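Reader: I have a protein model open beside its sequence, and I would like to learn how to read it feature by feature. Could you take me through it slowly?

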Amino acid sequence: MAWDDTCDFEEDELARREKGGIWVGIAAALFYPATAIGKRVYRNAERIPREGGALLLLNHVSHMDPAVDAVFVHRQKRVPRFLGKESLTRTPLFGKVFVGAGQIPVSRGSAAAGDSLKAAHQALRDGKVVVIYPEGTISKDPDGWPKKPFTGAARLALETDVPVIPIARWGTNHIFNGYTKKFTPFPRKTITHLVGEPLDLSAYKNGSTRSASKLREVTELMMTEITALLAEIRQEEPPAKKPEDDA
């Protein structure tokens, strides 16, 4: 099922939306107009649960992605929780929105780095939707294919009992390219989200969920599914090998 800009919410649908509070409302007021620069197409969005915890996994190609993805999740009547760099909490205005809207800061390379995963675990146990980019940062591949991912998303997936849903998004890079930093708002571009089926990870939940080999295998499974969805959107074959870019 596809969704595009011609769809509007009915008042009763808005009444059933997950409540997010004033800071989520402020974020929506900022992000909805900012992301309207692109035409939205949502495919299989009904696969995102309307209640209960869920872990959403997406590729990362542009600095626009968090805002665009936040609007996408919010339009499914859920409030997204993102894992973002701790430095975002110190930025004027947006830092207050980030913290107030219940987002999860990540302190990379510090003793507090594990706290972000603990917070994400708690959010999932509390029935929230957590959004994570397994690549960690924007892919530097000039063609926008996913780079080598990290294993944090696999740990979250294996240690919580919630749907783990791969999603590919394409088009934000045509507006603001994460590789070249070029901003090209016109002519208006299409931004497509394609939601995959929840991953079946039952075979990996026996024994230790922190085995390095198991985490890597689950991570590769996640990125294989995301890449396949991205290839479907783009109608192109992905490269045989992921860009080995950890920058």
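Author: Let us begin with a term: a residue is called buried when its relative accessible area is under 20%. The model here is a predicted one, and in strand β3, which spans residues 54-58, five of the five residues are buried by that cut-off.

Reader: Which way do the residues of β3 point, and are they buried or exposed?

Author: The general idea is that side chains in a regular strand alternate between the two faces of the sheet. In this structure A54, L56 and L58 point one way from β3, while L55 and L57 point the other way, and all of them are buried.

Reader: Which strands are joined to β3, and how do they run?

Author: To read this, one looks for bridges between strands. Four bridges join β3 to β6, made of residues 129-132, and these two strands run parallel; within that pairing, L55 stands opposite V130. Four bridges also join β3 to β7, residues 164-170, again in parallel, and there L57 has P166 as its bridge partner.

Reader: How many residues of α3 are buried?

Author: The helix α3 is mostly covered, with nine of its 10 residues buried, and among them are V68, V71, F72 and V73, as well as D65, D69 and H74. For the protein as a whole, which has eight helices and eight strands, buried residues make up 50% of the 247 residues.

Reader: What is the average pLDDT of the protein, and where is the pLDDT below 50?

Author: The average pLDDT is 88, and 89% of the residues score at least 70. Over residues 3-15, however, the pLDDT is below 50, although this stretch has 17 contacts in the model beyond near neighbours in sequence. Where pLDDT is low, the predicted coordinates should not be read in detail.

Definitions and conventions
Residues numbered from 1 in each chain as written. Predicted model: local features only at pLDDT ≥ 70, side-chain atom pairs only at ≥ 80, totals over all residues. Heavy atoms only, no water. pLDDT = per-residue confidence, 0-100. Contact = heavy atoms within 4.5 Å. Buried < 20%, exposed > 50% of the residue type's maximum accessible area, 1.4 Å probe, protein only. Pairing = 2+ DSSP bridges.
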